[in-house]
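Here is a friendly walk through one model, a few places at a time. Have the viewer open and follow along.

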2 protein chains.
Amino acid sequence: MSERVLVKTLISKSREELKNSTPQMIDSSILVKGWVRSLRKSKKLSFIMLNDGSTQQSIQVVVEDSIHQYDQISSMITGFCISVRGLLKESQGQGQSVEILAKEITILGGVTAEYPLQKKSTSLEFLREIAHLRPRTNTFGAVFRVRHAICFATHKFFNDHGFFYIHPPITTGSDCEGAGQMFRVTTLNVADPTTLPMINTDTDKNKVDFSKDFYGKETHLTVSGQLEAECMCLGLGSVYSFGPTFRAENSNTPRHLSEFWMIEPEMAFYDLDDTATLAANYIKYLIGYVLDNCDNELKFLEEREDGDKELRERLKSLRYADFKRITYTDAMKILEDAQKNSGADFEFKPFWGCDLQTEHERYLTEKHFAGPVIVTDYPKDIKAFYMKQNDDGKTVRAMDVLVPGVGEIIGGSQREDDYNKLLARIHDMKLEEKDYWWYLDLRKFGSAPHSGFGLGLERAVMYITGISNIRDVIPFPRYSKNAEF
Amino acid sequence: MSERVLVKTLISKSREELKNSTPQMIDSSILVKGWVRSLRKSKKLSFIMLNDGSTQQSIQVVVEDSIHQYDQISSMITGFCISVRGLLKESQGQGQSVEILAKEITILGGVTAEYPLQKKSTSLEFLREIAHLRPRTNTFGAVFRVRHAICFATHKFFNDHGFFYIHPPITTGSDCEGAGQMFRVTTLNVADPTTLPMINTDTDKNKVDFSKDFYGKETHLTVSGQLEAECMCLGLGSVYSFGPTFRAENSNTPRHLSEFWMIEPEMAFYDLDDTATLAANYIKYLIGYVLDNCDNELKFLEEREDGDKELRERLKSLRYADFKRITYTDAMKILEDAQKNSGADFEFKPFWGCDLQTEHERYLTEKHFAGPVIVTDYPKDIKAFYMKQNDDGKTVRAMDVLVPGVGEIIGGSQREDDYNKLLARIHDMKLEEKDYWWYLDLRKFGSAPHSGFGLGLERAVMYITGISNIRDVIPFPRYSKNAEF
């Protein structure tokens with residue numbers, strides 16, 4: 001291993017750098033290992049495109065017929081795993097600066113004709129059925145490398161800004177989120193209902209006794225780490241979570257998963273304006289990082305048959321964009337005016353009090369502003385109980401970040417930090433006060449203004465790769481009736 | 001916010017740096033926000049120690065009685081949240097280089113006498129009951145900042161080494177892990193068993209029909225992302241996962257949680273030696289990063305009443321340590337010899353074929369080698385089916401990294417990459433071949449030597465902070481009968 005060189009290392013150097021490298025790389029002996037992407041064979045000479053996953057590009061390996069076992073080697077097909085020892089040479093061709101003249105090739109793993117990645121073109125739908133093999137394709141290699149870059153950029157951005165990465169619980173015994181369809185977590189022997197412990201009272205017949213469950217109560221998979229992140233930020237200042245979240249919704253759409261990853265920063269002493277600024281800077285940083293580090297991947301994704309041909313242009317323009325800000329109330333005026341006077345044909349007629357539909361969001365960001373826009377101060381009745389109430393009695397300090405091509409990509413808010421106002425809202429919304437004892441405590445003791453937002457990682461990966469189905473931007477997608485692997 | 005300064009920024013500068021800063025910081029007006037850690041009051045002057053979570057240290061705020069509402073301000077107690085505008089001054093005292101002469105103090109959030117963090121000394125056990133408030137204490141502030149540093153160093157280490165961060169599924173429909181006690185994930189209405197869909201055949205009475213469950217089959221929470229990481233590394237080269245894993249074990253010990261975070265790198269083309277080298281380098285990097293970035297936290301943790309007084313010394317010696325390597329067979333000879341001739345009094349008598357107990361591991365790393373040691377090539381019968389078989393027919397290419405004070409901190413192995421050998425092992429161990437179709441596929445198509453290991457994040461945090469109960473190194477610990485929050 002120590003002497004093995006990554007294809008990325010070879011490919012990333014310019015002709016100039018290679019010539020001036022010390023020790024001299026050109027004509028030196030190197031060892032690479034990887035998988036055959038293609039093999040072009042002639043009687044005297046074969047050309048292998050070898051990929052080791054480290055980068056989008058493959059390196060060309062030139063095989064002369066004088067090599068040991070030329071017949072066997074030149075008969076390899078796509079997918080073979082090999083080790084190549086050879087001399088690094090300046091490439092004569094246009095594309096790459098280097099190639100390898102093979103001196104010794106060892107086959108590490110062969111491939112049979114039933115290998116499903118033999119075919120030149122395979123649909124994303126088909127590849128979804130073989131999620132264990134699809135990381136070997138150019139498309140998924142590109143997507144997963146970009147996904148990594150987005151994740152690393154996220155950690156770097158928040159670390160550089162003095163945030164602490166925290167881990168809210170995945171299994172929650174709290175019903176606070178009230179987000180409806182949650183997955184139950186249990187160790188009770190559900191498979192055989194006759195074994196389930198039952199509550200034996202007259203009023204509670206046929207009810208399972210969850211005090212006998214592993215956690216001594218009903219538990220579910222989290223839908224958001226926000227409430228716990230609030231606890232953390234009121235001690236640590238600025239924190240962020242980055243973990244899996246779950247929704248048991250039968251949404252069979254290209255934009256929904258039942259298991260997805262969320263990035264949720266939460267900051268003491270930030271008001272909504274500070275938070276909007278942070279969200280815009282974060283998005284721009286992500287995009288800049290990917291543009292700077294994944295150009296080959298983005299280029300490949302653009303050039304795919306159904307790739308977004310303007311992918312990099314769109315990202316570049318967002319990188320330095322000014323994120324406009326507008327209140328919900330003003331946004332609604334624009335939408336109503338557009339419906340009346342500008343011939344905008346919304347399926348869902350906009351009116352003050354309605355939730356913004358994707359068509360409304362896209363009108364605002366694509367048509368009206370032709371750029372990213374942050375909508376703030378939504379009607380309180382369409383937003384969660386924990387959002388900070390404005391003095392107008394009608395709106396709350398919520399925000400959504402809208403970007404062209406998608407609509408909402410980030411949602412956030414300033415949180416209600418006044419104990420009495422929060423309690424009143426909990427009562428108004430017929431929530432159980434006792435379920436919120438610890439959340440209320442945060443406002444009882446040393447309360448501070450604080451805010452946060454959430455970004456769905458997979459939505460961000462879709463946006464930045466131009467991949468249109470969310471099932472194709474996560475290694476093993478989870479959705480209704482799908483949990484193979 | 002934009003003008004607010006973090007305490008970390010002020011504290012981290014030396015007197016020299018402060019004097020030479022441009023613009024001049026000393027005597028300039030600054031704004032800080034945070035929580036009162038303590039307040040010392042006299043008639044004419046009060047001293048507030050203010051902490052904002054950004055760093056272990058608090059900054060001293062000097063309050064003269066000429067300030068607006070001096071009586072109210074000088075009566076604040078621990079836990080008050082305030083905003084302070086004042087002049088940055090060179091501190092006359094020994095400890096800090098700067099302090100703040102307050103010009104204006106605004107109370108953002110008060111505290112009542114029932115605030116449980118009033119008391120000077122609160123036990124970790126007590127604080128576990130108020131996990132929502134404990135990030136506000138010095139101890140938990142230190143632990144969570146170190147935890148963050150370990151996490152960030154992990155991402156940086158692997159990114160710098162060309163690894164890609166991947167996300168194996170949390171909900172798994174695969175029974176492959178065979179790790180016994182798993183949590184079930186379901187959307188069936190378990191609370192009322194009369195509603196459960198049943199299989200109505202003569203042979204399968206009283207069995208629930210999981211084809212009606214959300215995923216159309218039985219699903220559980222993952223115990224490891226390794227098998228899926230193997231799929232990824234055989235396309236991308238080197239990958240790592242960093243996510244939550246779950247064990248439904250009633251282990252009521254200070255070293256077990258039912259929900260914890262694991263870091264699991266998986267590398268194509270790495271053999272066991274390469275993997276041992278990587279593991280040692282990773283551990284050393286983590287420790288070096290924390291030593292370089294969290295000295296104040298480590299110092300505080302050392303000085304705690306039941307802190308580990310040799311914490312930093314132990315970490316420093318590990319940072320540059322040589323990780324010795326030894327086979328299980330040779331380690332067993334040392335242990336047997338120690339039992340016979342050196343008076344080592346093991347509770348569990350060592351013999352070839354037994355699993356290493358913690359007492360054995362600690363003897364090796366603390367007494368015999370007096371430093372970290374990597375034990376390799378364990379008997380196959382005590383290890384998992386997927387580990388690469390040695391030619392001796394008795395051992396597999398497994399490794400455990402042992403460190404003084406803990407014993408095993410990392411476990412890993414080279415994976416069996418030979419299709420026939422893996423299949424034979426699956427049959428030997430009476431596992432179901434059909435459950436492993438995709439895992440076997442990896443060996444059928446372009447198989448490559450590959451290896452990986454796992455590090456439990458919380459175990460690492462315990463080791464690096466000297467905190468002895470695992471429930472105190474994760475924000476909201478999950479264990480039997482405990483899922484509040």
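## Around B:R85

Leaving aside residues up to four places away in sequence, B:R85 touches B:E3, B:S29, B:I30, B:L31, B:A102, B:K103 and B:E104, where contact means heavy atoms within 4.5 Å. For B:R85 and B:E104, which are 19 residues apart along the chain, the C-alpha atoms are separated by 5.1 Å.

B:R85 belongs to strand β4 (residues 81-90) of chain B. Helices (H or I, at least four residues) and strands (E, at least two) are DSSP runs, numbered from the N terminus. With a relative accessible area of 30%, B:R85 is partly exposed; buried means under 20% relative accessible area, exposed over 50%, and partly exposed in between (1.4 Å probe, protein chains only).

## About the model

This is a predicted model, in which local features need pLDDT of at least 70 and side-chain atom pairs count only at pLDDT 80 or more, while totals for chains, interfaces and linings use all residues. Residues are numbered from 1 along each chain as its sequence is written, chains are lettered from A and ligands numbered from 1 in the order in which they are written, and side-chain values use heavy atoms, with hydrogens and water left out.

## Two helices crossing in chain B

Next, look at helix α5 (residues 138-160) and helix α7 (residues 272-293) of chain B, whose axes come within 9 Å and cross at roughly 135°. Axes are lines fitted to C-alpha atoms, for helices over the stretch in contact, and angles run from 0 to 180 degrees between N-to-C directions. α5(B) and α7(B) are therefore oblique to each other (under 35 degrees counts as roughly parallel, over 145 as roughly antiparallel, 65 to 115 as roughly perpendicular, and the rest as oblique).

On the α5(B) side, the contact residues include B:V146, B:A149 and B:F157, and on the α7(B) side they include B:L278, B:Y285 and B:V290. The residues of this contact of α5(B) with α7(B) divide into 13 nonpolar, two polar and one charged. Here Ala, Val, Leu, Ile, Met, Phe, Trp, Tyr, Cys and Pro count as nonpolar, Asp, Glu, Lys and Arg as charged, and the others, Gly among them, as polar.

## A covered helix in chain A

How many residues of helix α14 (residues 457-465) of chain A are buried? Eight of its nine are, so this helix is mostly covered. Among the buried residues of α14(A) are A:L457, A:E458 and A:Y463. Just after α14(A) comes A:G466, with a positive phi of about 75°.

## How the copies relate

Chain A can be laid on chain B with an RMSD of 0.0 Å by a turn of 180° and a shift of 0.0 Å along the axis. The two copies are thus related as by a two-fold rotation axis. In chain A, A:V185 has the C-alpha nearest the axis, 2.5 Å from it. Copies are superposed by least squares on the C-alpha atoms of residues with pLDDT of at least 70 in both.
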